[in-house]
Amino acid sequence: MSDKKNMENEVSFEEAMEQLEKIVEKLEEGDVPLEKAIDFFQDGMKLSKLCHDKLQKVEKQMDFILREDDQLEPFDIQGED
């Protein structure tokens, strides 16, 4: 895998999740040599962190909405009384 910055720009959340699922499947099969299992595990941890970071970024974006003057303001849902 490439360094984190390049990987984050190149891989979408969905692609990272798909890769992570494949790694988990391989590790669950249990017939992977130890050295390869360690490589899979390390790659899986990188993908997991990437997904977590992307989710945090989206969560922060969802905290704001654009106002009419293109300024960001906190998003606040108020129920009707």
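Me: Which residues does Phe 40 touch, not counting residues up to four places away in sequence?
Reply: This is a predicted model, in which local features need pLDDT of at least 70 and side-chain atom pairs count only at pLDDT 80 or more, while totals for chains, interfaces and linings use all residues. Residues are numbered from 1 along each chain as its sequence is written, and side-chain values use heavy atoms, leaving out hydrogens and water. Phe 40 is found in helix H3, helices being DSSP runs (H or I) of at least four residues and strands (E) of at least two, numbered from the N terminus. With contact taken as heavy atoms within 4.5 Å, the residues that Phe 40 touches are Ile 23, Lys 26, Leu 27 and Val 32.

Me: Is Phe 40 buried or exposed?
Reply: Buried means under 20% relative accessible area, exposed over 50%, and partly exposed in between (1.4 Å probe, protein chains only). The relative accessible area of Phe 40 is 12%, so this residue counts as buried.

Me: What distance separates the C-alpha atoms of Phe 40 and Ile 23?
Reply: Ile 23 is one of the residues that Phe 40 touches. Along the chain the two lie 17 residues apart, and their C-alpha atoms are separated by 6.1 Å.

Me: How far apart in space are Lys 26 and Phe 40, C-alpha to C-alpha?
Reply: Lys 26 has its place in helix H2 and is partly exposed, with a relative accessible area of 38%. Leaving aside residues up to four places away in sequence, Lys 26 touches Val 32 and Phe 40. Lys 26 and Phe 40 are 14 residues apart in sequence, and their C-alpha spacing is 8.3 Å.

Me: Why does H2 count as roughly antiparallel to H3?
Reply: Helix H2 covers residues 13-29 and helix H3 residues 34-62, and their axes come within 9 Å. The axes are lines fitted to C-alpha atoms over the stretch in contact, with angles between N-to-C directions running from 0 to 180 degrees. Angles over 145 degrees count as roughly antiparallel. H2 therefore counts as roughly antiparallel to H3, because the axes cross at roughly 150 degrees.

Me: Which residues of H3 make the contact with H2?
Reply: H2 contributes Phe 13, Ala 16, Met 17, Gln 19, Leu 20, Ile 23, Lys 26 and Leu 27 to this contact. From H3 come Ala 37, Phe 40, Phe 41, Asp 43, Gly 44, Leu 47, Ser 48, Leu 50, Cys 51, Lys 54 and Leu 55.

Me: What is the relative accessible area of Ile 38?
Reply: Ile 38 lies in helix H3. Ile 38 is partly exposed because its relative accessible area is 43%.

Me: What distance separates the C-alpha atoms of Glu 21 and Gly 44?
Reply: Glu 21 is found in helix H2 and, at 46% relative accessibility, counts as partly exposed. Glu 21 and Gly 44 are 23 residues apart along the chain, and the separation of their C-alpha atoms is 8.7 Å.

Me: In what order do the elements of the protein run from the N terminus on?
Reply: The protein has three helices and two strands. Their order from the N terminus on is α-α-α-β-β.

Me: What percentage of the residues of the protein count as buried?
Reply: Among contacts between residues at least 6 apart in sequence, 48% join residues at least 24 apart. Of the 81 residues of the protein, the share that counts as buried is 16%.

Key:
Parallel < 35°, antiparallel > 145°, perpendicular 65-115°, else oblique.
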